[in-house]
Amino acid sequence: MGLYFVKIIIMEIQIATLNDLDEILKIYEVARNFMKSHNNPDQWKNHNPKVETILNDIKNNNLYIIKENNCICGVFALIFGDDETYKVIEKGNWLSNSEYATIHRLAGNQKVKGIFNEVISYSLSKIKHLRIDTHKDNKVMQHLIIKAGFTYCGIIYVNNHEERLAYELIC
């Protein structure tokens, strides 16, 4: 009888600190390069997300890191409450006006798979109503969002007036 080995991947999610900043910046650089190489050069151009935004997320305890084997492999912001950029939606409607959290600035190191699903699972353990948006050229993220059960709701505009495809999930 043969022996079978199963690799169990355990990811841990925790609030980011200033000590994590260098690794977080590296992950965002990997994500920008991935987007450029997958026909999405405009979403995080000009070194977005900006360091000031990341520092603000850390200060407000909105930024989370994902670790595998004690190494940071992903990062995302989970922000509870109304998102200013979601107040106006075009070519559609939100499914609900109930309390929600928004997932922003999600990125992985491209070495660890399953980060998106971990983020959604973690977020749903905190609140059952999520919103997320992405660039029209970010086909990879659109696929992941739809696969996770989100519903496309319409178009929103981020702070620099660029349009984003907006999605919602209510459990």
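**Ground rules.** I count residues from 1 along each chain as its sequence is written, and side-chain values use heavy atoms, with hydrogens and water left out. Because this is a predicted model, local features need pLDDT of at least 70 and side-chain atom pairs count only at pLDDT 80 or more, while totals for chains, interfaces and linings use all residues.

**Salt bridges.** I searched the whole structure and found 6 salt bridges (a side-chain nitrogen of Lys or Arg within 4 Å of a carboxyl oxygen of Asp or Glu).

I looked up Asp-57 and Arg-105, whose side chains meet in a salt bridge at 2.7 Å, N to O. This pair links distant parts of the chain, 48 residues apart: Asp-57 sits in helix 2 and Arg-105 in strand 4 (residues 101–108). Helices (H or I, at least four residues) and strands (E, at least two) are DSSP runs, numbered from the N terminus. Asp-57 counts as buried because its relative accessible area is 4% (buried is under 20%, exposed over 50%, partly exposed in between, with a 1.4 Å probe and protein chains only).

Next came Glu-23 and Lys-26, with their closest N and O atoms 3.2 Å apart. Both lie in helix 1 (residues 21–37), about one turn apart. Glu-23 is partly exposed, at 35% relative accessibility.

**Surface patch.** I found Leu-18, Val-51 and Leu-55 forming a nonpolar patch with about 240 Å² of accessible area together. Patch residues have over 30% relative accessible area and no salt bridge; like charges are joined within 9 Å, nonpolar side chains (Val, Leu, Ile, Met, Phe, Trp, Tyr) within 5 Å. Accessible areas come from the Shrake-Rupley method with a 1.4 Å probe; for residues, only the protein chains shown count as cover. Leu-55 belongs to helix 2 (residues 51–59).
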